[in-house]
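Here is a short note for a colleague who is opening this model for the first time. Please keep the sequence and the 3D view side by side while reading.

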Protein chains: 2
Amino acid sequence: MMVKNRILSTFMASALSIGLCHAQIAEDFKPSSLNQPGQEYPMVNSQGYARFKIVAPAADSVRVSLGLGGKGGTKLAKTEDGSWMGTTEGPMDEGFHYYNVKIDGGKFNDPGTLNFYGSVRWESGIEIPAKDQDFYSLKNVPHGNVQQILFPSPSTGTSRRAFVYTPPGYEKGKGKYPVLYLQHGWGEDETAWMNQGRANLIMDNLIAEGKIKPFIIVNTYGMTNEVKFGKIREFKIEPFQTVLINELIPYVDANFRTLANKDKRAMAGLSMGGMETKTITLNNPEVFAYYGLLSGGLYAPADIKDKSKVKLIFLSCGSKERPEGVKKSTEELKAAGFNAVGYVSEGTAHEFQTWRRSLYQLAPLLFK
Amino acid sequence: MMVKNRILSTFMASALSIGLCHAQIAEDFKPSSLNQPGQEYPMVNSQGYARFKIVAPAADSVRVSLGLGGKGGTKLAKTEDGSWMGTTEGPMDEGFHYYNVKIDGGKFNDPGTLNFYGSVRWESGIEIPAKDQDFYSLKNVPHGNVQQILFPSPSTGTSRRAFVYTPPGYEKGKGKYPVLYLQHGWGEDETAWMNQGRANLIMDNLIAEGKIKPFIIVNTYGMTNEVKFGKIREFKIEPFQTVLINELIPYVDANFRTLANKDKRAMAGLSMGGMETKTITLNNPEVFAYYGLLSGGLYAPADIKDKSKVKLIFLSCGSKERPEGVKKSTEELKAAGFNAVGYVSEGTAHEFQTWRRSLYQLAPLLFK
């Protein structure tokens, strides 16, 4: 009896756990919105689980770098048709995630998805639908353009690339616009804010709803990949500062209809781009009046020599980062008389959903 | 003696063949210009050989789809450090090539290179330096911009993407410009002409040398991937024709400074984009006056109802395609009184080097 009971209870417990497991994972998986045309996998469900399928019949092991933190990602299992499949152990945070696929010891991309530049390589990307995804969705509203420009850079001896968002109506209009210089993070480049960040759609939607006055956004490469991650303190700001201040800004002011003065110019950056923003804004108080650090460091009141020159300090991060720092710094800056705004993105980490939301919060505060 | 001689001669023959082989492949390999930042492989040498290196220590087989025609690409061999290496059996044609990597039965991309959309997937790309590469090189000349626009498309119920090249000086100028609508081939999309084709750099260089008067180029998605390759005859032109004629052209004319009339509007396309160009120009004689088919079909004099409406017919292909057709059709069109120009790209096949050169030949003939 006792043995039988034990078996039964073991059986029931495991049936229960299987049952729970099945009840937990909703079988409503759909292709991720970032898949390549016609590709079914990877898929995401309504709870934020991601499911992967990789075809490599003769492989010995396939592992996706995404999954629960610290567990080395999701190990895929071979199926009868020779493909490898697996589902994340739990729901993922909302928004965009980079990932890659380890196949027999090599690092590759998932052939199912579009690629996004991060970690100093073009990575696979997946989008977990977010409750607030409306603000960065492609809608039937007037759209601004994203222009690739090649600007001369004598200091680096080449033409350098930047992307310029011009708001709807810019092409046919006559007015002049303020400019936000917006930087990517370590391992990324000038493509990040428009591709992963959807900055152009965030702006289109804010403008269509009348929540902001239109402005221009400029993204260029922050030269951050020349330093190894973990040795960020060895990064020298001077080469990038020269490109930005002496080359890019004069080019943009000469070739676009900008309001070319400090009070109509902002700089913000995410992660290592925040570190760049902090250094460059403090070094150049006559160039920018609006400063934004997104998961990218903090300002202390003592950092700023002339308070009258700063019109806004915006600090943000995800709630899964260190929100106390953002909150404390914001309070200190306010107490010292600065126009400081802190923002914490609920339920997100050091990832693009935090930065999309941060841009959405920052944009209406600029150029007042 | 006889045996000895035979061994000696065998030895000598094989030494000779090894010697020849080493003499043939110049060991001056350099990273391909399309590699991801910091990546050494793939490499190309001065003769056009390509050398690949893929890290996948536990793989059973690794094969690159590039190599000599009909031989299934280049099989890589495992090296001592666990990576797989191989060199193409012969020199590749000059210019850009798509490829992918078969690893243990699955199709992936080379993590060393940038990706380019072709064959209905983002593929790896490699660039074999060409003797005439100067005309599409990034030089220290004024650069036009490449704008991503999102235009409303009621017929497809969404906002569609196009890329618009505006020539140097457009932003600050007041003049109006002619427009070339330039289409990609099957399996590609609206990114092809600027990425693989380097159309913006070809234009910048032609303008800087005073060889052409500036004009605008527009690329959008030709909806060609909805049909399987080999079933191209089943392709229906109407949906794309509606997007182009009723939606994109009016949007471009409303939002850019264009010369909005037939005599200042051209359409050209490569491969399946040529087939689209032929059908759409013949269906819409009031919309375009300049027609270009690049490796993409031919016009016969009888195709065109009103000769007076056509200002130029440009036909081209690579010498490794069917140049006789291009030559014959051009002669027939000329004999019938058309302003027809034929061009054959020497030593190239159905690939982007043919089409870069074709654009370089076509551009000075437009909008005279």
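1. A word on terms. Strands here are DSSP runs of E with at least two residues, numbered from the N terminus. With that numbering, Pro42(A) sits in the loop that joins strand 1 (30-31) to strand 2 (43-44) of chain A. Keep in mind that this is a predicted model.

2. From Tyr41(A) to Pro42(A) the bond is cis, with omega near 0°. Chain B has a cis bond too, from Tyr41(B) to Pro42(B), with omega near 0°. Pro42(B) lies in the loop between strand 1 (30-31) and strand 2 (43-44) of chain B.

3. Another backbone point is Asp104(A). Its phi is near 45°, a positive value in a residue other than glycine. Asp104(A) belongs to the loop between strand 9 (101-103) and strand 10 of chain A. Why flag these places? Most residues other than glycine have a negative phi, and most peptide bonds are trans.

4. Now the sheet in chain A. Three strands make an open, antiparallel sheet in the order 8-12-11. Strand 8 (95-99) and strand 11 (115-118) of chain A are the edge strands; each has a single partner, so one side of each lacks a neighbour in the sheet. On average, neighbouring strands are turned by 50° against each other, direction ignored.

5. What packs on this sheet? Helix 7 (residues 352-362) of chain A does, touching strand 8 and strand 12 of chain A. The helix direction makes about 145° with that of strand 8 of chain A. Within the sheet, strand 11 and strand 12 (residues 121-128) of chain A pair antiparallel over four bridges. Phe116(A) has Glu123(A) in strand 12 of chain A as its bridge partner.

6. Chain B has an open antiparallel sheet of three strands, in the order 8-12-11. Strand 8 (95-99) and strand 11 (115-118) of chain B stand at its edges, each with a single partner strand, so one side of each is without a neighbour in the sheet. Five bridges join strand 8 to strand 12 (residues 121-128) of chain B. Tyr99(B) has Ser124(B) in strand 12 of chain B as its bridge partner. Helix 7 (residues 352-362) of chain B lies across strand 8 and strand 12, at about 145° to strand 8 of chain B.

7. How are the copies related? A 180° rotation with 0.0 Å of shift along its axis superposes chain A on chain B, with an RMSD of 0.0 Å. The two copies are thus related as by a two-fold rotation axis. Of the residues of chain A, Gln147(A) comes closest to that axis, at 1.9 Å (C-alpha). The same surface serves both copies: 100% of the contact residues of chain A recur in chain B.

8. The interface itself. In contact are 44 residues of chain A and 44 residues of chain B. About 3500 Å² is buried between the chains, and carbon and sulfur atoms give 50% of that area. Phe108(A), Leu150(A) and Glu171(A) lose the most area on the side of chain A, together 16% of what that side buries.

9. Which polar links cross it? Between chain A and chain B, 13 residue pairs are in polar contact. Elements giving two or more residues to the side of chain A include strand 10 (106-108), strand 14 (158-166), helix 3 (199-208) and helix 4 (238-255) of chain A. Strand 13 of chain A gives the largest share, six residues.

Notes:
Residues are numbered from 1 along each chain as its sequence is written. Chains are lettered from A and ligands numbered from 1 in the order in which they are written. This is a predicted model: local features need pLDDT of at least 70, side-chain atom pairs count only at pLDDT 80 or more; totals for chains, interfaces and linings use all residues. Side-chain values use heavy atoms; hydrogens and water are left out. Two strands pair if DSSP finds at least two bridges between them. Axes are lines fitted to C-alpha atoms, for helices over the stretch in contact, and angles run from 0 to 180 degrees between N-to-C directions. Contact means heavy atoms within 4.5 Å. Copies are superposed by least squares on the C-alpha atoms of residues with pLDDT of at least 70 in both. Buried area is the accessible area (1.4 Å probe) that two parts lose on being put together, summed over both. A polar contact is a pair of N or O atoms within 3.5 Å; within protein, one must be able to donate a hydrogen and the other to accept it, and residues adjacent in sequence count only if both atoms are side-chain atoms.
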